[in-house]
Amino acid sequence: MKKLVLIRHGQSEWNLENRFTGWKDVDLTDQGMAEAKAAGHLLKEHGFKFDHAFSSYLTRAIRTCLTVLDEMDELWIPMTKAWELNERSYGGLQGLNKAETAEKHGDEQVHIWRRSFDVPPPELEEDDERHPRNDHRYRYLDPSVLPGTESLKTTLDRVLPYWEQEIVPVLKEKDCIIIAAHGNSLRALIKHLEGISDDEITSLEIPTGQPYVYELNDDLSVSCHYYLKDK
């Protein structure tokens, strides 16, 4: 039996400020760090021993992953960072307060941007400083792959190939891995693993800092899945 653990990063500074974050690189709050430490303690208590770790390119996911591994005395394991695991791009909404955006555009429109499967927010112009084309960490990537906005569908379109091409081969060779990422990139992966419909996935909520465990058969089919709880 193989195990896959998904964890959404702990509370970030912009989670606390109720702002659309997307690809903006904000750090964890003190509460977010505490959530990551608690997750590491819980995983160690339940006897998890990881063979490999994956995270996005964003600090809040990287720090969550490293904090979890530090609590488990497993900082030494191989870790791969991938932009394909980044949060969904919120385009022109990035940095805006969610409540103020709802007042400006209406609750219904903002709900569509946030929760529909295939409707993206307004797109960033390429010369907008918020566009990932202007972030040095992505300077070696083909600019055409860097999104100015994304829906959950287009987030899935980048997460799923990375899952199949990079993560699945590791899982086939190893017994236990962890992926530290974001609400929407993890929702995309969960949609694939659990066969959730386009309509149902829009209501899925993933709490910060809570390890979500998949037990997988040797062919990587899902045997069961659950949030890890205190003993």
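What volume does the second largest pocket have? I got about 190 Å³ for the second largest pocket. This is a predicted model, where local features need pLDDT of at least 70 and side-chain atom pairs count only at pLDDT 80 or more, while totals for chains, interfaces and linings use all residues. Residues are numbered from 1 along each chain as its sequence is written, and side-chain values use heavy atoms, with hydrogens and water left out.

**Entry: pockets**

I noted the terms. A pocket, on a 1 Å grid over the protein atoms alone, is an open set of points where a 1.4 Å probe fits, with protein on both sides within 12 Å along at least five of seven lines; lining residues have an atom within 4 Å of a point. Grid points are joined across faces, edges and corners, and a volume is the space filled by probe spheres set on the points.

The lining of the second largest pocket includes Trp14, Trp23, Asp25, Arg130 and Asp135. By class, I found three nonpolar, three polar and five charged residues there (Ala, Val, Leu, Ile, Met, Phe, Trp, Tyr, Cys and Pro count as nonpolar, Asp, Glu, Lys and Arg as charged, the others, Gly among them, as polar).

The largest pocket holds about 330 Å³ of space. I found 20 residues lining the largest pocket, with Arg8, Glu87, Tyr90, Lys98 and Asn184 nearest its centre.

**Entry: charges**

I looked up twelve salt bridges in the structure (a side-chain nitrogen of Lys or Arg within 4 Å of a carboxyl oxygen of Asp or Glu).

I then checked Asp198 and Lys191, whose closest N and O atoms are 2.8 Å apart in their salt bridge. Lys191 is buried at 12% relative accessibility, whereas Asp198 is partly exposed at 37% (buried means under 20% relative accessible area, exposed over 50%, partly exposed in between, with a 1.4 Å probe and protein chains only).

**Entry: core**

The largest nonpolar core has 30 residues, and Leu4, Leu6, Trp163 and Ile179 have the most contacts inside it (a set of buried Ala, Val, Leu, Ile, Met, Phe, Trp, Tyr and Cys residues joined through side-chain atoms within 4.5 Å).
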